[in-house]
Amino acid sequence: MLLEIENLSKSYGGQEIFQNACLTVQENSRIGLIGINGTGKSTLLHLLVGEDLPDTGRIIRRDNLQIGYLKQDCGLDSDLSIYEELKSVFSQQLALQSRLNALSHKMAKLAPESGEYAALSEEYAQAQTYFESIGGYEMDVKIQTILNGMGFGLRDKNTRVSVLSGGEKTRLSIARLLLLEPDLLILDEPTNHLDFKTLTWLEDYLSTYKNAFIIVSHDRYFLNRLATSIWEIDRGEIYTYKGNYSAYTLQKEQRREREQKEYEQKAQLAQRLQEYVDKNIVRATTAQMAKSRQKQLERLGEIKRPPKEMRACRLHFDCTGRPYKDLLDVQDVSLWVDTPQGQKELASHLDLEVKRGQKIAIIGENGIGKTTFLKAIQQLIPYRGRIHWGENAKWGYFEQQTRSLNRANTVLDELWNQNRSLPEQEIRRLLGNVLFTGEDVYKRVGDLSGGERARLVFALLMRQKYNVLILDEPTNHLDIPSKEALDKALMEFEGTVIMVSHDRYLLSRIPTHIVQMSDKGFAVFEGAYEAFAQHEREQQLKERETAQARAAAPKEEKANVSWRSRAQRSEEVRQKKRLQELEDLIAKQEEDITHLQEQMADPAVAADYQQMQKICQELEEAKNALQNDYDEWEALTLLLEGQ
């Protein structure tokens with residue numbers, strides 16, 4: 001057992017967050033922590049890692065328990081380079097590497113036949129064996145693997161962490177924790193800044209993670225794939241469920257039905273007992289029986305009605321004005337960002353036609369320019385090319401960072417300032433629809449959580465009745481009930497939607513078209529995300545089948561597949577020759593590495609410091625060369641398959 005929670009209670013300002021919680025985390029636990037915003041998920045995490053103390057109860061942690069904790073939207077803040085920051089994870093290996101170097105220098109100054117040399121040689125051999133056992137020779141390979149998976153494969157490893165964007169810093173924080181491999185990994189909303197490729201890689205990585213983890217997430221796909229148990233915080237109680245998110249929804253419904261049935265049975269029993277007592281307590285012949293029923297009634301205690309489901313926000317987007325059918329025309333648009341080194345082009349040759357009533361979802365890798373495109377079509381930033389809106393188009397913009405809000409205003413003033421003609425009662429009704437009631441309307445916008453700010457923007461959008469909604473990651477900070485409310489509102493919206501999102505559940509329900517963005521332009525797919533994903537799978541299968549067929553075809557048939565210039569044919573011959581060279585070279589390197597490892601296991605070699613040092617250096621060089629040749633072989637194979 002890694003961690004045990006006994007009768008844990010916590011409150012702030014007289015408000016109880018949770019009470020008498022009893023939970024355990026085992027060595028192989030895979031826990032999804034859920035609950036609506038503000039229920040105490042982050043508070044529980046702070047308690048688990050020791051950043052806060054409980055009011056009552058205790059948390060028992062295993063001795064030397066290593067916890068890795070990623071706070072929500074909290075990235076690395078460092079003056080180191082990307083590579084230096086990640087390599088610092090391997091402090092034990094680096095310290096041992098320094099020790100090996102120190103021993104090496106000492107031994108170099110001694111005569112091999114001396115007793116001190118023999119003692120140091122033995123120490124060196126033991127340290128070197130341990131260094132290898134803890135992955136000392138694999139540090140760079142592990143770092144590169146994680147960097148590739150988390151979307152930093154093309155970034156210069158010498159880039160300073162301080163110049164990265166907020167999302168990149170968060171991704172680098174995740175990368176660092178994955179390299180650290182703590183006994184208990186705690187991630188608070190890790191998927192907020194991940195594109196589809198990185199998200200899929202992280203799911204694959206965590207599915208084989210050898211230690212325990214607790215993940216806070218509103219991504220139902222993510223939880224379904226990874227969680228084997230769900231913790232839900234609901235009005236001061238922490239409920240535990242076995243299985244993934246889908247299993248949780250079923251078990252929760254069964255629990256609520258069971259609690260309601262038990263309540264009704266107890267209430268009916270209490271009513272019958274009370275009626276009997278009332279009728280018979282004064283009769284001499286039945287008074288004793290009535291007293292017995294009275295005690296039975298007292299033993300039932302207070303019968304509490306199960307709490308109703310938490311109220312979810314009510315979203316509904318009306319639209320006024322009927323724009324032209326040809327709503328938006330984008331022709332040969334190029335986008336860029338300004339950097340200290342000058343303009344950096346993000347994407348070019350962007351062409352897109354949007355018809356009235358369509359719901360368009362733009363997907364693509366992070367940093368490709370999706371948000372930039374949304375700003376460009378609103379004329380908020382410069383661009384090259386043509387962007388033309390049809391008559392009567394009236395759009396509202398949901399910005400991912402909600403920077404359009406005045407953080408100094410109260411919630412009430414923020415909505416009222418933009419709707420001065422409305423009475424306060426109507427303003428409060430609108431705010432009530434997005435769960436701002438009572439004193440909540442006097443909160444400062446700057447003090448709101450990300451989800452609360454998002455709901456406030458939705459209230460503003462609902463009031464203005466736009467016929468086009470431009471949405472940039474609208475579900476990032478929403479809890480699951482709010483996501484479901486947004487899903488429903490967008491499905492019912494009669495206007496046009498142009499959105500950027502990585503929420504696969506949302507994308508499987510709302511879009512009429514998926515637009516995949518790359519640096520070369522747009523690729524448009526009709527249908528929602530599932531249709532796009534199926535198309536991608538079919539394309540990959542087709543490419544593999546084509547490559548296999550080309551490889552199996554007779555030479556004369558291959559020559560007729562397509563016309564190639566002499567230069568192209570010559571280049572293909574050169575590539576195939578290089579591929580064969582690499583395969584032979586890789587086989588030879590693998591044999592050499594095996595031979596070197598066998599030499600290191602020889603006791604006679606282990607006793608010879610200079611020979612051992614030489615072999616270790618050769619082994620390190622051989623492994624690095626092998627990795628480089630593997631990378632070239634893979635790239636060349638993919639290139640030839642695509643020809």
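This is a predicted model: local features need pLDDT of at least 70, side-chain atom pairs count only at pLDDT 80 or more; totals for chains, interfaces and linings use all residues.
Residues are numbered from 1 along each chain as its sequence is written, and side-chain values use heavy atoms, with hydrogens and water left out.

Start with β1, residues 3–12. Strands here are DSSP runs of E, at least two residues long, numbered from the N terminus, and two strands pair if DSSP finds at least two bridges between them. β1 pairs with β2, residues 15–25, in the antiparallel sense over 7 bridges. Leu 3 has Val 25 as its bridge partner in β2. The hairpin of β1 and β2 has 2 residues between the strands, and Gly 13 takes a positive phi near 55° there. β1 also pairs with β4, residues 56–61, again antiparallel, over 5 bridges. On that side, Ser 9 has Thr 56 as its bridge partner.

Now Arg 235. Where does Arg 235 lie? It is in the loop between β8 (229–234) and β9 (237–242). Arg 235 is partly exposed at 36% relative accessible area, that is, between buried (under 20%) and exposed (over 50%), with a 1.4 Å probe and protein chains only.

Leaving out residues up to four places away in sequence, Arg 235 touches Arg 256, Pro 307, Lys 308, Glu 309 and Met 310; contact means heavy atoms within 4.5 Å. Met 310 is 75 residues from Arg 235 in sequence, yet their C-alpha atoms are 8.7 Å apart.

Note on methods
Helices (H or I, at least four residues) and strands (E, at least two) are DSSP runs, numbered from the N terminus.
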